[in-house]
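Hi there,

Here is the structure we talked about passing on. Have a look at it first, and then read on for what turned up.

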Amino acid sequence: MKKFLIVGLGNIGTEYVNTRHNIGFKILDYFANKESIAFQTLKLGDLAEYKIKGRTLFLLKPNTYMNLSGKAVKYWMDKENISKENVLIITDDLNLPFGSIRLKGKGSDGGHNGLKNIQLLLNTVEYPRFRFGISDAFKKGQQIDYVLGEWDDQEKVKLKERLEVASDIIKSFALAGLNNTMNQFNGK
């Protein structure tokens, strides 16, 4: 059975639930709800298991806070013996317009502290990531407030459709592979 680790980045705590920075958690919660699977609180995060066509997907929401996400990623990769090619990190991206999607097999952390910590602990920049655009519609000096702010009314309306696409991406990554998924979804 082929194993995959799908990691949604975010921060724990009710004050972060509906913030832009928590899109990784939001996507995994949407997927789990849609597929009727539940998260359990285990070591270093909340984990849900989803089986599809001979594959097992471990959905992970690290409870280490964003800046220490790599600790949970590395632990679950090692515990379940999952190669970096079968890991998908879902994160917010200020450099992409709201709701836009960019999948890549490797790359820089782009200034994202969660990715920075993952790269440090995995000792590589070569792992798949799924960046969800949250846009950069903030005034100079307001980045932290914007990222940790809640979705505006227009974003909330469009979010459901974007979460549906994100769910399709997770399945495609496990069933069709990264390259096919990139070809199908990048820029959508």
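Does F132 count as buried or exposed? F132 counts as buried, since its relative accessibility is 0%. Please keep in mind throughout that this is a predicted model.

**The aromatic cluster**

There are 6 aromatic pairs in the structure. In one of them, the ring centres of F98 and F132 are 6.2 Å apart and the planes meet at 80°, so this pair is edge-to-face. The two partners come from distant parts of the chain: F98 is in the loop between β5 and β6 (101-104), F132 is in strand β7, and 34 residues separate them.

F98 also pairs with W151, with ring centres 5.6 Å apart and planes at 70°, so this pair is edge-to-face too. W151 belongs to the loop between α4 (143-147) and α5, while F98 is in the loop between β5 and β6, so the pair ties together parts 53 residues apart in sequence. W151 is buried, because its relative accessibility of 4% is under the 20% cut-off. Taken together, F98, F132 and W151 make up one aromatic cluster.

**Helix α1**

Next, the helix at residues 23-34.

Several residues of α1 are buried: I23, G24, F25, I27, L28, Y30, F31 and A32. The elements that cover them include the strands β1 (2-8), β3 (45-52), β4 (55-62), β5 (87-93) and β7 (129-133), along with helix α5 (153-176). After α1 comes S36, which has a positive phi, near 55°.

**Charges over rings**

F25, one of the buried residues of α1, has a charge over its ring: the charged end of K61 sits there, 5.7 Å from the ring centre. A second example involves R20, whose charged end sits over the ring of Y146 at 3.9 Å from the centre.

**N11 and what it touches**

Which residues does N11 contact, leaving aside its neighbours within four places in sequence? They are Y16, H21, N22, F25, Y65, M66 and L148. N11 itself lies in the loop between β1 and α1, and it is buried, with a relative accessible area of 8%. A polar atom of the N11 side chain lies 2.8 Å from the backbone nitrogen of M66.

**Two loop residues with positive phi**

K53 is not a glycine, yet its phi is positive, near 45°. K53 is found in the loop between β3 and β4, and it counts as exposed because its relative accessibility is 66%, over the 50% cut-off.

S135 is not a glycine either, and its phi is positive at about 70°. This serine lies in the loop between β7 and α4. Is S135 buried or exposed? S135 is buried, with a relative accessible area of 14%, whereas K53 is exposed.

Best wishes

Key
Residues numbered from 1 in each chain as written. Heavy atoms only, no water. Buried < 20%, exposed > 50% of the residue type's maximum accessible area, 1.4 Å probe, protein only. Helix = DSSP H or I, 4+ residues; strand = E, 2+ residues; numbered from the N terminus. Contact = heavy atoms within 4.5 Å. Phe/Tyr/Trp six-rings, centres within 6.5 Å; stacked < 30°, edge-to-face > 60°. Lys NZ or Arg CZ within 6 Å of the ring centre and 35° of its normal. Polar contact = N/O pair within 3.5 Å; in protein donor to acceptor, adjacent residues only side chain to side chain.
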